[in-house]
Amino acid sequence: MTHVIFDLCIRDGACAEVCPVECIVPGEPEEEWPWFYIDPDTCIDCGACVPECPVDAIRPEEDLKIEFPQYVAAIELNAEYFRSGPGYPK
Ligand code: SF4
Ligand code: SF4
């Protein structure tokens with residue numbers, strides 16, 4: 001499983017500062033990737049990022065499907081950001 005950032009993200013970066021495996025990155029370019037994204041292959045589901053988010057925009061993947069079905073596309077967007085790029089900053 002993984003945690004997922006979805007559409008409500010305001011890009012303040014608070015989640016990325018606490019992630020113990022540094023798998024949260026700001027989407028670039030911002031016009032195409034307007035949120036932060038979580039690498040699903042690296043996330044260890046520790047949950048540390050969730051209480052840091054001021055707008056409650058992070059959920060475990062399975063919870064997102066139930067609580068915010070209107071935002072399930074974010075699951076694939078998070079994965080795609082790392083699978084096909086841009087991915088981690090160079
Ligand atoms: S759940 Fe833990 S490992 Fe996964 S993105 Fe959040 S802080 Fe990082
Ligand atoms: S803490 Fe929330 S609003 Fe801030 S970058 Fe992370 S997901 Fe986006």
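Modeller: Helices and strands are here DSSP runs, helices of at least four residues and strands of at least two, numbered from the N terminus. The model is a predicted one, and the part I would pick is the loop between strand 1 and helix 1, where Arg11 lies. Strand 1 covers 3–5 and helix 1 covers 14–18, and Gly13 also belongs to the loop between them.

Arg11 has a backbone feature to note: phi is near 60 degrees, a positive value in a residue that is not glycine. Arg11 has 13 C-beta neighbours inside 10 Å and therefore counts as partly exposed; the buried class would need 20 or more, and the exposed class 12 or fewer. Gly13 also has 13 C-beta neighbours inside 10 Å, so Gly13 is classed as partly exposed.

Gly13 has contacts elsewhere in the sequence. With neighbours within four places in sequence left aside, Gly13 is in contact with Pro26 and Phe36. Strand 2 runs over 24–26 and strand 3 over 36–38, which places these two partners in strands. Gly13 and Val55 are 42 residues apart in sequence, with 12 Å between their C-alpha atoms.

Glu22 counts as exposed because 11 C-beta neighbours lie inside 10 Å.

The bond from Glu28 to Pro29 is cis, with omega near -5 degrees, and Pro29 lies in the loop between strand 2 and strand 3. Gly85 and Pro86 are likewise joined by a cis peptide bond, with omega about 5 degrees. Pro86 is in the segment after helix 3, which covers 73–83.

As for the rest of the chain, the secondary structure comes to three helices and four strands. Read from the N terminus, the order of elements is β-α-β-β-β-α-α. The radius of gyration is 12 Å, close to the 12 Å that the globule rule gives for 90 residues, so the protein chain is as compact as a globular protein of that length. The C-alpha trace spans about 35 × 25 × 25 Å along its principal axes. Of the 90 residues, 27% count as buried. Among contacts with a separation of 6 or more, 68% are between residues 24 or more positions apart.

Methods. Residues are numbered from 1 along each chain as its sequence is written. Chains are lettered from A and ligands numbered from 1 in the order in which they are written. This is a predicted model: local features need pLDDT of at least 70, side-chain atom pairs count only at pLDDT 80 or more; totals for chains, interfaces and linings use all residues. Two residues are in contact if their C-beta atoms, placed from the backbone, lie within 7 Å. The radius of gyration is taken over C-alpha atoms; the globule rule is 2.2 Å times the number of residues to the power 0.38.
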